[in-house]
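Here is a short briefing on one protein model. Keep the sequence and the 3D view open while reading.

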Amino acid sequence: MQFEEFEFFSSPSPAAASVPAEAASPLVRLQYLVDNTPAIIYSTVPSGDFKMTFVSNNALHLLGYRPEDMVADPNFWFDHIHPDDAPAIFSSLALVFTEGQRAYEYRFRTADGSYLWMHDSLRLVRDEQGAPLEVIGALTDITSRKKMEEALQAKGEEQQLLIGKLSEAHDQLLQSEKMASIGQLAAGIAHEINNPVGFVNSNMGSLQNYVGTLFGVLAQYEQAAAAHPALAPQLAALRQRADLDFLKEDVTDLVRESMDGLKRVKDIVQALKDFSHVGETEWQIADLHQGLDSTLNIVSNELKYKASIEKHYGVLPPIKCLASQLNQVFMNLLVNAGHAIKERGTISISTGAADGWVWVEVADTGGGIAPEHLNRIFEPFFTTKPVGSGTGLGLSLSYGIVNKHGGKIEVVSELGKGTRFTVRLPQTPPG
């Protein structure tokens, strides 16, 4: 391939712009087409420095540089590529000589210091013997397309964020519906159980009084019989046959234990009502210690075989909150603490207040959380439990509830030693 027959000019050619196509010579016609194409046409030497040997005149309009100045500077092309884009280009530029062509997209600095996104298509031209002759390139301004892509990407990220928020809201709605169902169930249980428990408790109270009266009468009979020695052997035999001393002691214990059991049932029902707060949708002033105690009553059966509960309650002022939702947070932390303990351990609950904030800390002596999982535990659906053993929503929902209260939830964990969650809440939530 030979180019000696004509020469491209690297300076504006007014004649080329003004000569009609039908009257122009082939050389002028070609010059006109090159200078008015949307792409900047250029050529470079086929060597490592890629010094420009020709640049079409439209570079002045697109980039603000005179073509002759671009050709005169041996490092012009390299020096004007954005520093962040240059390494990827330089590392693969040699492939032009093996593949014959390459295409790049990069930012190119214009005369006013701004950057334009350019699509650069490079092609190697060889002579008749196959030796590299020159590299021809075509620079096309793709800034508008890039801005559209960035806008679409930003829109996509915004939509993904919105989808995430909708998903989180959906999860919280499901959890709220579940909590409402629990509340309705608790109300039904309380209504159904309270009636029989009420009359059984009343009957047990009467029975306790009757037993006391009966034993009092028996004691008086024995005192009266003491004045009649002939009756003493018969009464002694009756006493021994009935094992009256054992009955007197045991029936008293039975009645007392039954009364304690009834009180326990009443406490559990009340704890269910306190935990669920049926119908609660408004912010209210609440005692967190009461919420912790009612939650402990709910989960005590799950924890009592695995952990000893230690309560280190400080002085807490009442705070404005959604008590049932905070109880849900406490339940998640306590249940997770129980799951973290494999054999037998301790769960400590500590509270305190300072500088307008209150805090509740739940610490366990379980296996701890692996460092690589620590920054993911609040992600929705993330769980280290076996499939079917957990949804991975507990801590995510807890984080959302605490965040809604204007607070924060912190975690510190060490493998083999245990985990400590701390919930910090303002006494008066924002807004």
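Which residues in the largest nonpolar core touch the most other members? They are L288, L326, L333, L334, I347, F421 and L425, out of 35 residues in that core. The model is predicted.

**Nonpolar cores**
- Helix α12 gives the largest share of the core, nine residues.
- Elements giving two or more residues to this core are α11 (288–303), β8 (319–321), α12, β9, β10, α14, β11 and β12.

- Five strands form an open sheet in the order β7-β9-β10-β12-β11. The pairing is mixed.
- β7 (307–312) and β11 (408–414) each have a single partner strand, so one side of each is left without a neighbour in the sheet.
- From one strand to the next, the twist averages 15°.
- β7 pairs with β9 (residues 345–354) in the parallel sense, over six bridges.
- Within that pair, E310 stands opposite S348 in β9.

**Helices on the sheet**
- Helix α12 (residues 323–340) lies across β9, β10 (357–364), β11 and β12 (418–426). It runs at about 25° to β10.
- Helix α14 (residues 394–404) lies across β11 and β12. Its angle to β12 is about 25°.

**Where α12 meets α14**
- The two helices, α12 and α14, pack at an angle of about 145°. Their axes are 9 Å apart.
- The crossing of α12 and α14 is left-handed.
- From α12, the contact uses Q325, L326, Q328, V329, N332, L333 and N336.
- From α14, the contact uses G394, L395, L397, S398, I401, V402 and K404.
- By class, this contact of α12 with α14 has seven nonpolar, six polar and one charged residues.

**I285**
- I285 lies in strand β6 (residues 284–286).
- Is I285 buried or exposed? I285 counts as exposed, because its relative accessibility is 58% and the cut-off for exposed is over 50%.
- Leaving aside neighbours within four places in sequence, I285 is in contact with P318, I319 and K320.
- I285 and Q427 are 142 residues apart along the chain. Their C-alpha atoms are separated by 9.6 Å.

Note on methods:
Residues are numbered from 1 along each chain as its sequence is written. This is a predicted model: local features need pLDDT of at least 70, side-chain atom pairs count only at pLDDT 80 or more; totals for chains, interfaces and linings use all residues. Side-chain values use heavy atoms; hydrogens and water are left out. Two strands pair if DSSP finds at least two bridges between them. Helices (H or I, at least four residues) and strands (E, at least two) are DSSP runs, numbered from the N terminus. Axes are lines fitted to C-alpha atoms, for helices over the stretch in contact, and angles run from 0 to 180 degrees between N-to-C directions. Contact means heavy atoms within 4.5 Å. A crossing is left-handed if the near helix is turned anticlockwise from the far one by less than a right angle, and right-handed if clockwise. Ala, Val, Leu, Ile, Met, Phe, Trp, Tyr, Cys and Pro count as nonpolar, Asp, Glu, Lys and Arg as charged, and the others, Gly among them, as polar. Buried means under 20% relative accessible area, exposed over 50%, partly exposed in between (1.4 Å probe, protein chains only). A nonpolar core is a set of buried Ala, Val, Leu, Ile, Met, Phe, Trp, Tyr and Cys residues joined through side-chain atoms within 4.5 Å.
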